[in-house]
Amino acid sequence: MKWEPVIGIEVHVELETQSKMFCGCAVDFEAEPNTNVCPVCLGLPGALPVPNRTAIEWITKIGLAFNCSISERSQFHRKNYFYSDQPKNYQISQFDVPVCHDGWIDVTVDGETSRIRVNRAHMEEDTGKSIHVGESGRIHSATETLLNFNRAGVPLVEIVSEADIRSAAQARAYAQDLRTVVAALGVSDAKLEEGSIRFDANVSIRPVGTEPFGTKVEVKNMNSFRSLERAVDYEILRQADVLDQGGTVDQETRHWDEGEGVTHSMRSKEGSSDYRYFPEPDLLPIEVTEEWRNEIAATLPELPSARAARYVGLGVDADSATSLAGSEPLMVMFESSLAAGAPAQVAANWLTGEVTAWSRRESTDITDSALTGQHVAQLAAMVEANSLSSTAAKEVLGHVLAGEGDPADVAAAHDLIQISDSGALESAVDQVIGENEDQFARLAGGEDKLIGFFVGQVMRVTGGKADPRAVTDIIRSRIG
Amino acid sequence: MTDPADFTLVEAAAALRAGQQTSVALTEAVLTRASLTEAAVHAYLTIDRSGALAAAEAADRRISSGRAVGPLDGLPIALKDNMMTRGLETTASSKILAGYIPPYDGTVVARLREAGAVFVGKTNLDEFAMGSSTENSAFGPTRNPWNLDTVPGGSSGGSAAAVAAGSALAGLGSDTGGSIRQPAALCGLVGMKPTYGLVSRYGLIAFASSLDQIGPLTHTVEDAAILYEAIAGHDPLDATSFPGPAPSGTVRLGAGVSGLRVGIVNELSGQGIDDEVMAAFRTTVERLAAAGAEIVELSLPSTATALSAYYLIAPAECSANLARFDGVRYGLRIDGGTVDEMMSRTRADGFGPEVIRRILLGTYALSAGYYDAFYGQAQRVRTLIIQEFAAAYEQVDVLVSPTAPAPAFELGAKTQDPLSMYMQDICTIPSNLSGHPAMSVPVGLSTTGLPIGFQVMAPALGETVMFQVAAAIEELSDDIGRPVLEVVAS
């Protein structure tokens, strides 16, 4: 059967506020274990939470950036479950009335733009960290667990998409765009590798052309965009396999194993489905008045859609502009190329063309490549000065991406510098004319299509390094 | 001459100012009283003799140099053992916290320290404040100084018994469903629960967060007003703290009741109330009328369901509040093969049966599929009660009822029957659900010589008029005197 994936993404973003969500302890992950703690975030008897106003401001920013409605009054709830790194054995979270709800972002994959709806963004607190100590370092064989509560109570925003995503590539693009926006807002350092932004995917499949959702599986533990895409892809295929063989998909949480490239079923938490949410009696409803919301809206930085419009204004074609503005690595590279003096459309063409293709082929983020904005500008200048042909420029780009050095060195090392020195070109043209007198007579006699033959011959004798336009001009001057 | 251990706060403060007493002498007097009574009464879990004397000496230095910090400076006070005291063991009468030394002072404790109060020690309570007799303590029951065969009420029975016995001049309790007012009634004291949000809960070991309030237990209304004023006021560490100034407790004391409208709540003043208690109640109402109050009879039908709503809301909140006691970070730990097993064993062993009963009740009430029928319905009842009380206070200045349905009962009489124990709070619970202030004033003794309390309830932030009426009742009632303890008399 032909299956259609249905994917939703849950994102946890740790806010980089000065202090924690409900107490005055510093948000600082570098600190010695259990030094940024107090009665509140350790869950000592008698301690009470007091909400961090900046965190409320920042989640509102996030909501506005994702076109969400902002609740004038939202409610904290207690989410009850026992876990040793959760100090109170309940997490202060939100349930039926989150701060932000009903938003969307547009995501573009291979030139096709889709609107992904954002169900909600709600405020909660992070847990502490468990460090399992044992022979293998894995939870099942751990003999001891160490707890670090520095992270306990750090403000956490959970952003939940609707199940609008239809492919692993789209899931990745959504996650990347979301990260781009959050980073642009300056509310989180949003580093996947450090867990300050974390993605979980809810994946199900259904026969193409049908409406009802299949059984959804939650996939966790992806610590790069690439692993998110791989994990979702794997999960789609795994579920299709199970169903094609007449089996059923279990509703469960699965753990992505980066090394093996597979998902494993996690031990299900006992009674995990019933968190016994109820309104947090220690906290009043959160109020975001229209006035405050407007103040916050006024502080929003440029967001990708606005950025794309600005790029069009710089002369970039619309498709490239959307691609550049929608991808953080491309955007960063494009901005630094512009800053280094590269012409906008030229840089846009390379970045959305060769560079993107290279990134896909090599499965490497361009931010992890050797390419810099300086390189792009240098390359553009060489083409402009006719010392590189545009074909050679693309070849140079590939070598630079691979880390072989800056464009001038690479072009020299690969002998790609174009001959635009007129003396050298003239002697090459004269040599070719001397070798092909009959054809030259026909060209001079008006058989203009032979110009291509002569240009080709000149390219041959110069090893492809001649600037074809200059060669053409010289040949014409010999006719006249 | 009166033993200083039997002084009111006002008398003791006057004696200090006049140089007739020192704080050390007052503190020695209550410590001596405690040494005589504690074996029989067991009001305290911890007596901090050295800490109290050190604080008393510091107070004496301030007073003698004319730098007394207020009306409580140098006065020995008892703290219920569910209030966090830095460096002094705090257990909530639970085995799960036995030996626990808090690293911080709760806001109320810090304020009283600032005000110069001397903390005699930490008093017994029903475990985590769950009970009405102080029999649910992991460390043994407290007995009522008026009759050692009877209970002092609960859950603040230790503070009530300490004040009644003279082993503190005043005490602090916490009131979630009547835990200050009912022991006040049973021990012949004034006990007061402020408007929810007026007194910080920071540092109070939570039982039911939306209901808990700290308040005073004293010999007189004026003492209660003074102690209330010392602890009330906004606290940035408690997000539910009322942001404005707290109403005065003392400003209208002695102003009488002439022209005030006093409402009798029919549903709280008849069925299920002991005859002698009802007789004392009626006598007091007649005296109020004679003193110029207008008496109005009112019906608040939703109060009939208050007890049921309370026994869903309070357990639901406690089921989450008590989840933190898991053996991981502090308190009792019973090892197990896994972390989950350790937590289960610790909690099974560390909590007493009433606490476990309420955690289970609350967990059930919040469970998927039951939430709306139980917790949701209880919250709707609560809203109804708030609305009915608000409407009643359009017609009257205060509402009145008996405090407890009967005088003190014998130890063990209700321990096998939780429902009859829960009925102790039938008159006090509505004010917790509505968040309104309420207090109990002693109005007489039963034929068996046990105190009877009278409850005055007021609208939110109505403390001033409530204290005014309570002071008038105190004035109009016969003085019940102090309990006679053989150990002290001999």
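Helix α9 (residues 373–384) of chain A packs against helix α10 (residues 390–401) of chain A at an angle of about 160 degrees, and their axes are 10 Å apart. The model is a predicted one. Angles over 145 degrees count as roughly antiparallel. The two helices α9(A) and α10(A) are therefore roughly antiparallel to each other. Their crossing is right-handed. On the α9(A) side, the contact uses His375(A), Leu379(A), Met382(A) and Val383(A). These meet Ser390(A), Ala393(A), Val396(A), Leu397(A) and Val400(A) in α10(A). The contact residues of this pair divide into 7 nonpolar and 2 polar, with no charged residue.

Helix α7 (residues 328–339) and helix α8 (residues 344–362) of chain A pack at about 150 degrees, with axes 10 Å apart. That angle makes α7(A) roughly antiparallel to α8(A). The crossing of α7(A) and α8(A) is right-handed. From α7(A), the contact draws on Leu330(A), Met333(A), Phe334(A), Ser337(A) and Leu338(A). From α8(A), it draws on Ala344(A), Ala347(A), Ala348(A) and Leu351(A). The contact residues of α7(A) with α8(A) comprise 8 nonpolar, 1 polar and no charged.

Chain A also holds an open sheet of 9 strands with mixed pairing. The strand order is β2-β6-β7-β10-β1-β11-β12-β13-β14. Strands β2 (69–70) and β14 (262–265) of chain A stand at the edges. Each has a single partner strand, so one side of each is left without a neighbour in the sheet. Strand β1 (residues 3–14) of chain A pairs with strand β10 (residues 155–161) of chain A in the antiparallel sense, over 5 bridges. Within this pair, Val13(A) stands opposite Val157(A) of β10(A). Helix α3 (residues 225–244) of chain A packs on the sheet. The strands touched by α3 are β1, β11 (197–207), β12 (217–222), β13 (253–257) and β14 of chain A. The direction of α3 makes about 25 degrees with that of β11(A).

At the level of domains, the assignment for chain A gives domain 1 (3–296), domain 2 (302–413) and domain 3 (422–479). The C-alpha centres of domain 2 and domain 3 of chain A lie 34 Å apart.

The contact between the chains takes 25 residues from chain A and 32 residues from chain B. On the side of chain A that touches chain B, the residues divide into 14 nonpolar, 6 polar and 5 charged.

Conventions
Residues numbered from 1 in each chain as written. Chains lettered and ligands numbered in written order. Predicted model: local features only at pLDDT ≥ 70, side-chain atom pairs only at ≥ 80, totals over all residues. Axes fitted to C-alpha atoms, helices over the stretch in contact; angles between N-to-C directions. Helix = DSSP H or I, 4+ residues; strand = E, 2+ residues; numbered from the N terminus. Parallel < 35°, antiparallel > 145°, perpendicular 65-115°, else oblique. Left-handed = near helix turned anticlockwise from the far one by under 90°. Contact = placed C-beta atoms within 7 Å. Nonpolar A, V, L, I, M, F, W, Y, C, P; charged D, E, K, R; others polar. Pairing = 2+ DSSP bridges. Domains from an automatic or database assignment.
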